[in-house]
Amino acid sequence: MSILRQIEKDLNSGQYTVAELTQAVLKKIAADDTNSFIESFDSSALNTAAEIDASDQTSSLIAKGMPVGIKDNMCFENHGVTCASAILDGYKSPYTSTAVQNMLDRGFVPVGRLNMDEFAMGSSNEYSIYGLVDNPWDASCVPGGSSGGSAAAVASGLVPVSLGSDTGGSIRQPASFCGVVGLKPTYGRVSRYGLIAFASSLDQIGPFAQYVEDVAILFESICGFDSNDSTSELRTDQSFVDQLKSGTLTGKRIGVPNELMSEKVATSVQDAIRKTLKTLESAGAIIDYFDFKYFDEALATYYILAPAEASSNLSRFDGVRYGHRSAKGQTLRDMIELSRQEGFGDEVKRRIILGTYVLSSGYYDAYYGKAQQVRGVVTQRYSDLLNQYDFICSPTAPTTAFKKGAHEGDPLTMYLSDLATIPVNLAGLPAISIPCGLDSNGLPIGFQMTGGWFQEQSLLQAAYELEQRLAFKPKNQFRMDPLL
Amino acid sequence: MSNIDVDSILDLSCLAITDERKKEFSGQLQKILDYMSVLNNVDQLPDPQFEWPISKDVVTREDVPKLFEHPLVEQNAPDFKSGGFSVPRII
């Protein structure tokens, strides 16, 4: 199943034009009450759509004319970008990020920017100056984070695909909570140029969709080498759609960490994962269980390294060249301190303080140095495991979507919800979350598959085949409504 | 992490927060730092022969200075005068 292919078919048969499609999507966004979108790009989207309609229609690019939403941390020239933070309120980007440019070159039509946790720091989308986002399955629950708007917009059927970013699980966890597919690519696959940095050694842009095939189409459109990002990888394997349906699960070795099938994970989630593992087994995969050994240590490592990098990256927000400037500061120092106090939210401040602390003299070796050591150990552990297994599979998150406000005032509990996703970022591996069932409250459960470095092709093939067997029913499938 | 520690870290961070937040953050950060002690469970070092499979070949480009004259540079600036960013007095 592919929504993008259905739209392509409709466009090619003349059922509607790109302009009509774009107009319909913009109307849906305007009428939406989930708060997924921060802003719609009405003018530029309609102009782009008109240009596509007026251009050569014989192009074989499937992406041509497809509406897409982008997370509010990716630069798009002459458009607002704020990272859902008051410190960037009113800021417009003077350049376009490589991922967005690659999408534009393929013919995608960006229709708006999507809500998120401030500076991508959060797991619930509750830390946004634009307010909470409703989970489309249950409005009293969070959509996950930090790419909560990106996941909810796809799950609501507002857009067929969207872009998010994943530093510690920010694509996979909201994909799990909202019952959609989310891919975190190998570090270096997608250029980070123009992605407003949170933790540079961990950040990676990736796609959301309701089906694996659409994730593959968007992923293929955004990846590739970029000289503007020194961590961008020069790869020859950049075609993921053509071979998507030629994989097989038969004989694939699947490793499952015992720790993520224990009391750390809700029983309903464990049950759904066991059922999915049986599906894999019936398809010919070989299931094996192992002790990963380092989940708690990986979580601690992440919450040292990510804030440390963030404290450095966010030092650029000083009210001098762009962003919010306090009217109260009489001296330069006062102005910078007060601008940051007024502009940053509590979670960002907490992480800046934590990051500065672990990098400060006297604590650097005990925290930052030790965390770098453990990161190496975790990465090496993955390397050993991926010599034994084709994929490592687990729940994406220990629970289904939790209630809004459930972790208020308790950041550590919130951090623990990233237990299953964080180690993957430390090692820079690719991983995908696909919906595999519902709990007793009717909330979706995500199944995480992690592959070897740059093995997105086999990862997408396996996820595609599993998706066909699971036949998960999306909540609100995107459709072009002629009445809109 | 005591209140005094928070003050010194705030100074390093060029960040100001209210006294109420200082108290709240101190407790939360202490809890987080206590959790970090699990790192002491790991006494092994990564094998020095092990090579991270990504970013092995960093491709660099020539570092050429570029003029950044987009009209939004001025529009985004909180205070822009005579072609430069204006700030309060330093001393």
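Hi everyone! Let me start with one definition: two strands pair if DSSP finds at least two bridges between them. Keep that in mind, and remember that what we are looking at is a predicted model.

Let's begin with the sheet in chain A. It is an open sheet built from 11 strands, and their order is 1-3-2-4-6-5-10-11-9-7-8, with mixed pairing. Which strands sit at the edges? In chain A they are strand 1, residues 37-40, and strand 8, residues 286-290, and each of them pairs on one side only. Going from one strand to the next, the twist averages 30°.

Now zoom in on one pair. Strand 7 of chain A, residues 253-257, and strand 9 of chain A, residues 391-395, pair in the parallel sense over 2 bridges.

Helix 15 of chain A lies across strand 9, strand 10 (431-438) and strand 11 (444-450) of chain A, and it runs at about 10° to strand 10.

Helix 15 of chain A, residues 456-470, also has a helix partner: its axis and that of helix 8 of chain A, residues 267-282, come within 10 Å and cross at roughly 110°. Angles of 65 to 115 degrees count as roughly perpendicular, so helix 8 of chain A is roughly perpendicular to helix 15 of chain A. Who makes the contact? From helix 8 we have T276(A), T279(A) and L280(A), and from helix 15 there are L466(A), R469(A) and L470(A). Those residues divide into 3 nonpolar, 2 polar and 1 charged.

There is another helix pair to look at in chain A. Helix 9, residues 295-313, packs against helix 11, residues 346-359, at an angle of about 100°, and their axes are 7 Å apart. That makes helix 9 of chain A roughly perpendicular to helix 11 of chain A. Among the residues that meet here are I304(A) and P307(A) from helix 9, and R351(A) and I352(A) from helix 11. The residues of this contact divide into 8 nonpolar, 3 polar and 1 charged.

Finally, let's bring in chain B. How many residues of chain B are in contact with chain A? There are 46, and they touch 55 residues of chain A. On the chain B side, helix 1 (3-13), helix 2 (19-35) and helix 3 (71-76) each supply at least two residues. Helix 2 of chain B gives the largest share, with 6 residues. The chain B side divides into 33 nonpolar, 9 polar and 4 charged residues.

How values were computed:
Residues are numbered from 1 along each chain as its sequence is written. Chains are lettered from A and ligands numbered from 1 in the order in which they are written. This is a predicted model: local features need pLDDT of at least 70, side-chain atom pairs count only at pLDDT 80 or more; totals for chains, interfaces and linings use all residues. Two residues are in contact if their C-beta atoms, placed from the backbone, lie within 7 Å. Helices (H or I, at least four residues) and strands (E, at least two) are DSSP runs, numbered from the N terminus. Ala, Val, Leu, Ile, Met, Phe, Trp, Tyr, Cys and Pro count as nonpolar, Asp, Glu, Lys and Arg as charged, and the others, Gly among them, as polar. Axes are lines fitted to C-alpha atoms, for helices over the stretch in contact, and angles run from 0 to 180 degrees between N-to-C directions. Angles under 35 degrees count as roughly parallel, over 145 as roughly antiparallel, 65 to 115 as roughly perpendicular and the rest as oblique.
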